[in-house]
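Please have a look at the structure first, and then read on.

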Amino acid sequence: MEWKRWLGGSLVGMGFCLITIGTPSPIYAEGSQTTDYIVVDYSGSSVAQKAYVYNKGRLETEIWPDHSLVQYTYDNNGNLLKKNKSASIEPYLISSTAVSYDLYVLGVPTNVQKVEFNTWTETNGQDDLEWIIGEKLASGIWKGNVSIPKHGGSIDTYNTHIYIDGRMIRGLTAKIVDTAQFIVPSQVSLADGFYEIYVKNVANTVSEIRFPTWTDYNSQDDLVNPWITGERMTDGAWRIRIPFSEHNFETGNYITHFYAYDKYGASRMFGEKIVSVQGGPGGSKETDLAGVSYDVFMYGVDSKVNKVEFPTWTETNGQDDLEWIQGQKIAPGVWRATIVYDQHNAEQGRYFTHIYADGKMIGYWEFNVVQAVKFKSPSVAYLSSGYYDITIEGIPSNVTTVRFPTWTEKNGQDDLEDPWIEGERLTSTNWRIRIPYYKHNNETGAYNTHIYTYDAYGNSRIIRMFTVDVRN
């Protein structure tokens, strides 16, 4: 199969400075058994200096005289997530998620003109031999970058000979080890709306992970381009959320490749996972009568189907309220039926839905309808307060509007506002109405309020009636 690629980024300049070493004060996160960099001395003895490495104006790495490294990790907004201290000690183990690793040589004589890092992998001898030209960072400090993709990107042992002005001074080996831990569901349902993938034990040098994802239906026609970038979590893991709406609600295998990017813009693939996505019915298992209506979905319906029906009834009194609801196609393979409670006598308890595609039963769904909304209203209020409030807790989130028509007993409904007053949504499930007396001529006596909820389709139902005694 031909994989589609997208590669962004460019070489980023770095700034460096040297200072006399002092006593470290920060508390660092514990490093893993792998290392992100390799540090060696030309002279064989520690150099009493500390180097600072900057990337895009941010402090990225500190190199300490004992060859330990401190790496700074930032989120996409530039906020510091953590400081990670790791040691550059043999054996040199590099994470399989890394795109590259840097080699630092300290204590290089000031008159040296060129430092080279002759690198190849153990497999097949020196068929991938690369002479990497070093970069002088500061007096006595040189760096070379080993790009793993240039050597096949395989898990292998990497050999490097370091040459100073044509003379070999040191040989070393680094071994790529498999560290990536993938947390991926094996099977999910379209009814879930999405699924998530996590990758743990990622190298600190990875600046970005992209998760190209597509289904095996019609090849890569649903591949999002540019590839979706993962989110770096506070624990160092990376996460991606894959919504089915981006993939035409297709069933079958969803394929995800994992590409890591380093600060130089280079990338490499380090994993592949497949998730089986199933169709079938879906919806909530419990709803409230205050929600006016409830949606039942059928996913993965054959594209050749012309009609999907959702016969629905309640457990109370058998099928006396049986209603054949014509489904609506809302996306490829996805059909929806809206069950309006008032069409079923606003009954509480168990509701049953069977699903037919062109006359053939293909699934069923059951759900509970309860009445658990909480209301708060005073029984007595006083004109001196200027107003009183009615609040409701537990309104289903599918309710788009709550209206509170209010009037006084005096002179009938002469003070009823039209259109009815809309409530204020305090949270996704809590609403409030404030009833000022001046809108009702500052009258005393009984104030009547009816409460109506509305769904997104324009259906409504009354859920409560209140009477408040307003006094002087």
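Is Arg 210 buried or exposed? The points below start there; keep in mind that the model is predicted.

1. Arg 210 is buried, with a relative accessible area of 8%. Its salt-bridge partner is Glu 208, and the closest N and O atoms of the two lie 2.9 Å apart.

2. A second pair to look at is Arg 241 with Glu 196, whose side chains meet in a salt bridge at 2.6 Å, N to O. Arg 241 counts as partly exposed, with 44% relative accessibility.

3. Glu 196 and Arg 241 also belong to a network, joined with Glu 231 and Arg 239 through salt bridges that share partners.

4. Lys 150 and Glu 130 form another salt bridge, with 3.8 Å between the closest N and O atoms. Here too distant parts of the chain are linked: Lys 150 lies in the loop between strand E13 (141-147) and strand E14 (157-164), while Glu 130 is in strand E11 (residues 130-133), 20 residues apart. Lys 150 is exposed at 58% relative accessibility, whereas Glu 130 is buried at 18%.

5. For the overall tally, the model has 15 salt bridges, and the pairs discussed above, including Lys 150 with Glu 130, would be friendly places to begin browsing.

Definitions and conventions. Residues numbered from 1 in each chain as written. Predicted model: local features only at pLDDT ≥ 70, side-chain atom pairs only at ≥ 80, totals over all residues. Heavy atoms only, no water. Salt bridge = Lys/Arg side-chain N within 4 Å of Asp/Glu carboxyl O. Helix = DSSP H or I, 4+ residues; strand = E, 2+ residues; numbered from the N terminus. Buried < 20%, exposed > 50% of the residue type's maximum accessible area, 1.4 Å probe, protein only.
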